[in-house]
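Open the model in a viewer and keep the selection tool at hand.

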Amino acid sequence: MKRDRSIRNLSSDSCFTIHINNTQFNNGTTYQFKSFIMQGSPFQGFEFEAYMAMKAKKINKMLDEAIPLRHPLKLNEAMRYSLLAGGKRVRPILCIASCELVGGDESLAMPIACAIEMIHTASLIHDDLPCMDNDDLRRGKPTNHKVFGESTAFLAGDAFPSFAFEHIACNTNNVSPDRLVRIFAELSSVIGSKGLVAGQFVDIESEGKAVSLKELEYIHVHKTAKLLEACVVCGVIIGGGNDNDIEKVRIYARFIGLLFQVVDDILDVTKSSVELGKTAGKDLVSNKATYPKVMGIDEAKNFAYHLMNQVVQQLACFDTAKAAPLYHLAYCIANRQN
């Protein structure tokens with residue numbers, strides 16, 4: 001028996017919908033469920049690892065310079081500890097790649113890209129706190145509150161969002177005021193009760209309860225996808241893109257946000273803590289709603305494949321060479337092992 005499920009996209013007011021059955025997506029098109037592979041892709045040949053390494057090196061340098069060790073020393077040490085803890089820098093690179101997608105230059109997007117990484121870091125520090133997800137490990141290292149104490153970790157997380165906006169305002173050049181206002185509006189909506197905070201709140205409130213796929217979607221659209229949307233939307237805005245470009249990349253980011261969470265949930269029940277660099281199986285212990293729990297692990301894997309299929313469709317209208325980083329980033333998310 002087929003189970004009809006609905007995943008909504010775009011803004012919260014959008015009517016764009018994917019109907020998810022066991023075998024049918026979109027307008028009844030039937031797919032064979034397989035692992036997503038690169039073979040035959042128009043994006044083959046792009047030196048993705050070199051691109052990521054080059055962008056990450058520049059981003060890390062800018063982040064290191066953005067928060068020097070200054071008074072109060074312990075607070076800034078705590079901020080730097082989490083901000084410079086490593087990671088692939090997927091979110092800032094998404095911002096830069098989206099700017100380049102519409103013909104913009106990396107230098108235009110760099111301040112916003114770094115600000116987004118600061119906002120993301122704040123969310124990680126707060127998520128790890130004992131009153132939230134209560135995690136001891138993050139990227140293979142002790143979490144912020146384990147090193148600096150809960151009060152310092154809480155304040156370090158609090159400091160990032162306002163500093164992120166200051167960083168954009170003080171370091172962005174040659175961008176019209178109306179585009180900057182749109183960027184500020186996009187980012188501010190992501191941070192608060194319409195975005196990350198809403199997703200985290202509903203996630204905590206849902207622990208130990210039966211959660212529908214629609215409710216699970218709400219959690220992860222707000223906890224994960226919203227910030228990814230801000231990355232690409234802000235990149236396109238700063239790069240001079242039009243409203244159609246913004247709509248396309250917003251859909252793309254919504255898909256990769258859900259894709260990220262589906263894969264994350266699958267890894268949580270199939271990998272060890274050593275392999276993940278964080279505590280494995282924690283969602284199961286805390287009785288959290290996950291895609292494998294709600295859909296079953298096989299159908300969750302199938303869902304990840306079809307989300308990736310939709311990502312490719314969203315990029316089809318852009319120049320292939322310029323869209324290659326966005327495609328490969330999605331492919332990396334779909335096939336990651338930690």
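Start with α1 and α4: α1 passes α4 in a right-handed crossing (the near helix is turned clockwise from the far one by less than a right angle). Helices here are DSSP runs of H or I with at least four residues, strands are runs of E with at least two, and both are numbered from the N terminus. This is a predicted model, in which local features need pLDDT of at least 70 and side-chain atom pairs count only at pLDDT 80 or more, while totals for chains, interfaces and linings use all residues. Residues are numbered from 1 along each chain as its sequence is written, and side-chain values use heavy atoms, with hydrogens and water left out.

Select residues 48–66 for α1; its axis and that of α4 come within 10 Å and cross at roughly 65°. The axes are lines fitted to C-alpha atoms over the stretch in contact, with angles from 0 to 180 degrees between N-to-C directions. That makes α1 roughly perpendicular to α4 (65 to 115 degrees).

Next, show side chains. Lys55, Ile59 and Leu63 are among the α1 residues that meet α4, where the partners include Met110, Cys114 and Glu117 (contact means heavy atoms within 4.5 Å).

The largest cavity has a volume of about 110 Å³. A cavity is a set of points on a 1 Å grid over the protein atoms alone where a 1.4 Å probe fits but cannot get out, and lining residues have an atom within 4 Å of a point; the volume is the space filled by probe spheres set on the points, which are joined across faces, edges and corners. Select Tyr81, Ser82, Ala85, Arg138 and Asn144, the closest to its centre of the 13 lining residues. Finish on α4 (106–128), which gives the most to this lining, with four residues.

Definitions and conventions. On a 1 Å grid over the protein atoms alone, a cavity is a set of points where a 1.4 Å probe fits but cannot get out, and a pocket is an open set with protein on both sides within 12 Å along at least five of seven lines; lining residues have an atom within 4 Å of a point. Angles under 35 degrees count as roughly parallel, over 145 as roughly antiparallel, 65 to 115 as roughly perpendicular and the rest as oblique.
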